[in-house]
Amino acid sequence: MTETSIKVFFSYSHKDEALRDSLATHLSNLEWQKVITSWHDRKIVAGTTWDSEIRFQLDSADIILLLISPDFIASSYCREVEIPQAMQRHETREAYIIPVILRPFYWLDAPFAKLQAYPQNAKPVTSWVNQDEAFVSVTQGIRTAAKLLHDYRIQQAQQQQKETVKARYLQKVEGVLLDGNITIAKRDILNDFRDELGLSPEEAEQIEAHWYEPYKRYEENLNKYKQTLTKYIEGGYYPFNENTQNDLEVRQRDLGLKSKDVERIKKPILEEAEVKYQEKLEAKRVKERLRQEEPKPGKLNIKKVWEFINKWNYFLLVIPAGIGFLFLIPQCSNSLRLSFSENSPTPSPEATVVSTPPVEPLTSDDIENLQEQISVGENVLAISEKNDANYPDAFQAAKEKGKNAIIGGNYQAAIDALTLTRQSSAREFYKNAPETLINLNNAYIGDKLAYTIAVAAPISQSDNYGLGVLRGVALAQQKINEEGGIEYANGNKMPLRVVLVDDQNTSNVKLARFLSGLSLNVSNINKDLKILGLIGHQTSDLTLELGKIYQEAKLPVISPSATSTELFGKFSYVHLVAPSTRQMAKSLNQKIDKQRVIVFYDSEEEFSKSFGTEVCKAVVVTCKPWNFNETPVVNTERVKKAIADGSTALVIAFNANKSEDNKNRASNIIKAVSEFNANSQNKMELFAANAFSDQTLINKARTGKVSIVRVGPWEPNLSGNLSFDIIKKNDQFLALNLELFGTRQVNWFTLMAYNATMALTEAIKKSQSPPPKNDDELKAMREKINAVFISGAFSVPGALGEIHFGKEGYVERGNVICLSRVGANTNSLTDCQPSESFPIK
């Protein structure tokens, strides 16, 4: 007998002893193999109280065999003692009951009737022609039960051992992190002990998170207090009166916060509020002074007017005499000044100075608000890095300390703080913190001269795109600066500084004008940055809407994800790295293959309109566009009717995540195809762009047995780790991604943002110019950079190999276009091809 042997108890009538002995004989092989040990009342030692011994053995058994016969049920001891005790232990899962039907008897209303009985089909042993065959069936059932119990016992032992190990680790955490703070040394101590105990990083993290919970709740309450304080300031209550102070004290007590922690939070916020308050007071004083200097009606002082024009840089527009109006028009630059002196003749009333009215200049309030969306380390824009539970308090504290050090100009302190978040021992927690890495690289540059570019993305939105783009830019910046920077002449190199811009995926014209300016003022750190180019924006719509502003300012822009063919040749200063909708449509047409197609699209969304148009151009037979803005109702019956009219393929060319209406339209299309397929031998597939990613809709397609073929620039999650196989073409990119972010999975936003950054910096290199020091140098260098992009001979090493730009500013060669299948039959299609297989022209 071993500790893992299963104890088997025989409950039987003595009149069935011969049958019990036969069963015991068949079980002897299991006992010999030490799978089981068995006990029955004939093994009671002389002198032992038989009743107590039977109860003890029954209570300690793992498997209880009820040997059913008329005599067994007739036995009062079996019926009143053994059966009830056995059933109780079975119901509490302490033991496993196996009824063994020895002789024919009506037992189907007995307490054990609901249990699986043996031999096979509950046929009584004595009814078998060969009783040995019956006992073999019983033995097999007992062996199966014993195996299950044996495995469960091992599992329980392992679980108990694991809990003991976790308890030891928790005890260590409590001792090491007594003050709630984690240092590099403390992290190394815990990691060493974790490895010694054999815990995984995930298990250790869960234990630490549980221990940190009170600290986390306290930090959450501090953030709540900070939000309340900020609301009062934003609501115009600063400077605070006595009532506001009392309200804040009540809020502090309600959240259970210590005064010293509250003061620590209040200090920088109130200091910033005071600065803004003083600025507003000064603005009011200036405004009042100007108002007092304005000439009064009927007493126009011509000299004062001219002085005012020259001081504030205005054009003068005088309407001919008799109308009686005078207009002051703001100038865009200092290119025209009007002078006046004591000896100057008074301007004639009929004289007219005319200029095209410029765009309204940005106000100081505009600039102040826009600066909150821009950062080189002085603002935290990535909310997911700020609030996500994956980033523990120690990470948040180090990042906050780094931010404050950058604001104070203490870059070494910023480097020390931000470096803590990048320690290899801590990186398991911080795999997705690209903003922090960019801030660290910017801190290394500090106030030194550097090439400066900006990246505009919805950074504050917790989605894959914003952080995905930042990861690509961070990878490129790290690679470039580790190699010494961007070379411009005779081996001289300058580092790359990255300005982060949270565009919130909205058409913010003021933000675009601010970025396009010749000097970008970052007030928190008193720095004027000269941006050479911009990585952005997310959508084709946004790129089209803001492209005119960048074009007029001659700011080179390269979008990592805009794909609409409408952008081709539209703006000579706007460039694209992602495959176009035309190339994706041609790739998708390989699978559509001469079918009669209906394309569902939204003409108010640029990508949808472009993709839908290009699909129809690529289809060889017939293509019927279904525009939501002309036919908004897309219900199941309408789609089924369209299918019945002869359509053989449906293309979802719209973003199902854009609105609830779009999601319902996609759901109805899937339902219609599902119902069609259920009643037809010819199964219909759906086709879509890779923007079709809503998991609810994909699950609906899977349930409805609808296969959806998606096309996109690159598919990160294809079977067989295809993403890894593709990016192995550039081992340097893969190695860097593994080093910085701890994963080999790279979404296409990251890949395209990396390509865009490498292209922009290579164009900077080819301009052969040092970082600009004044406005004239900046304008000249922007023009040189853009000339490289449209030269027709511009190539750069990208993540998947060399990419080549055509004269119209888009990538002609070097991209990858992938087809993948979601919904039903997801493993039957994995296809990626070079984008040049599908020519744009």
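Trainee: Which residues does isoleucine 764 touch, not counting those up to four places away in sequence?

Mentor: Tyr451, Ile453, Ile486, Leu532, Met781 and Ile785. Touching, or contact, means heavy atoms within 4.5 Å. Bear in mind that this is a predicted model, where local features need pLDDT of at least 70, side-chain atom pairs count only at pLDDT 80 or more, and totals for chains, interfaces and linings use all residues. Residues are numbered from 1 along each chain as its sequence is written, and side-chain values use heavy atoms, with hydrogens and water left out.

Trainee: What makes a set of residues a nonpolar core?

Mentor: The members are buried Ala, Val, Leu, Ile, Met, Phe, Trp, Tyr and Cys residues, joined through side-chain atoms within 4.5 Å. The largest has 60 residues, and Ile764, Phe789 and Phe805 touch the most other members. A second, separate core holds 28 residues, including Phe514 and Leu555.

Trainee: Why is cysteine 78 called buried, rather than exposed?

Mentor: Buried means under 20% relative accessible area, exposed over 50%, and partly exposed in between (1.4 Å probe, protein chains only). Cysteine 78 is at 3%, so it counts as buried.

Trainee: And what makes cysteine 616 partly exposed?

Mentor: Its relative accessibility is 21%, so that's the label it gets. Cysteine 623, at 23%, counts as partly exposed too.

Trainee: How do you know that a disulfide joins cysteine 616 to cysteine 623?

Mentor: The rule asks for a pair of cysteine sulfur atoms within 2.5 Å. Here S to S is 2.0 Å, and the pair is joined. By this rule the count is one disulfide.

Trainee: Why is the disulfide of cysteine 616 and cysteine 623 called left-handed?

Mentor: Because the torsion about the S-S bond is about -50°.
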